[in-house]
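Please look through the structure below before reading on. The paragraphs that follow start from one residue and then widen the view.

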Amino acid sequence: MLNVSERFSPLAPRERRAVLRRAFVDSLPVLMGYTSMGFVAGALLAAKAGLGHATLWGLLSSAMCVSGTFSFAMVQPVADRAPAWTFALLAAGLNFRYAFYGFTMLARWKDVPLLRKLFLVHMLSDENYALEAACRYARPSANLLYCMSLSAMNLSYWVAGVTAGAFAVTLLQGALDPDLIRARTNGLEFAMVALFLVIFTDQAKEIAKHGK
Amino acid sequence: MENEFLYMLAVVGAGWAVTYAMRALPFLLFAGRGRELPAWVTRFGSFISPVVIASLIVYSYSGLQWRTPWPYLAGALTVALHLWKGNPLVSISAGVALYMALVSCCGCASTHHDRELVYDAAHPLIHFTNKGMKFRDRYVTPEEAVRLLKKHKVPKDATIHMLVDEDFSSPRATWVFQHNYLGKAGYRKAIVVHARHASSSAPKRRDDRRNPPRR
């Protein structure tokens, strides 16, 4: 049995580069998904929520809550200025599934240093978890480097997407009549419903497969 | 605006705290031990998520034009495409495109743009609350409020009544709005109306807002 410092001993530079390259290539599909979905989420927040600093809130909320469904679901209650406990309930209901992701990572992340562990837990989103769970590196230090770099890249894609979406709509609002934007983006709010429908269809498929 | 700032800080904080707690739960429960979950927990977990998503679908339909058939048509297209192709991006964008097309060509007219604007002491256009600024019944940014005034052709010499809630905690915000936004746009006459003074005449009940008294 190796002790902690040996388990996470640094990799050779060449190996390190290989792991980072692998993580980047694996993150490319997430890049497509996160930036496009994040852009729509940020645009919705800026267009529908009536906030003074939509870009700031897009940046902050995407960095704090790396959860696509929550980012979409929070728009309508924010526009209605629902009380804060509504959002706690919403997050609890939507993100309950994340509690199950951690269980499979317990053994693997057992001795990871605290700060890095906190970050890994923060980034335990659907796409990130799927890639981390499928990671082939058996050596703990390579595995940890893979998970950390993947998490950092995916976080940056998500934050960049949401912020860019919110910023783009804010710029447009400065240049155009807000009622005109409201009229042009009329119907865009269906993106949120469509996302929920897609998730629900996936879950129904899953249940139909395993239920019998 | 600092009230909106505090409100959004609470929103983001609540979302973050709960999301993080959910993700950290197994690490807190079984610190260090790799243990199998009881079967009922996994079953409960796989059951709760679809229920939440289904209720969210119902809730978010209330924000669409749910009295027309269009959101249901677009929803059917989304689900059908997803069952067929299984590509979320394709099904979502097709559903959104169909819904936007249907709503823009044959949707019902959106309700709050076309009504005649009533503005007097009993019907203040601007309303300051601790959760942000309202223009009539909608939360807006200060820029939006000024643009809406111009759009509705409110004359520059009209008196703009700014209703302030009794518990409003940032009187400076009304001053900033009056000078930096209304004043710069040419609206020189603005009056702050306090809710406790206006309570006898301000519209409180829904019916009053729908049927404003004739002038």
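Where in chain B is the place of B:Ser91? B:Ser91 sits in helix H4 of chain B, residues 88–106. Helices (H or I, at least four residues) and strands (E, at least two) are DSSP runs, numbered from the N terminus. This is a predicted model, in which local features need pLDDT of at least 70 and side-chain atom pairs count only at pLDDT 80 or more, while totals for chains, interfaces and linings use all residues. Residues are numbered from 1 along each chain as its sequence is written, and chains are lettered from A and ligands numbered from 1 in the order in which they are written.

B:Ser91 counts as buried because 24 other C-beta atoms lie within 10 Å; the cut-offs are 20 or more for buried, 12 or fewer for exposed, and partly exposed in between, with C-beta atoms placed from the backbone. Leaving aside neighbours within four places in sequence, B:Ser91 is in contact (C-beta atoms, placed from the backbone, within 7 Å) with residues of chain B, including B:Thr78 and B:Leu81, and with A:Ala194 and A:Val198 of chain A. The C-alpha atom of B:Ser91 is also 7.6 Å from that of B:Leu77, 14 residues apart along the chain.

Chain B as a whole has eight helices and five strands, in the order α-α-α-α-β-β-β-α-β-α-β-α-α. Of its 215 residues, 28% are buried.

Where the two chains meet, the contact takes 62 residues from chain A and 65 residues from chain B. On the side of chain A, helix H12 (residues 190–211) gives the largest share, 14 residues.
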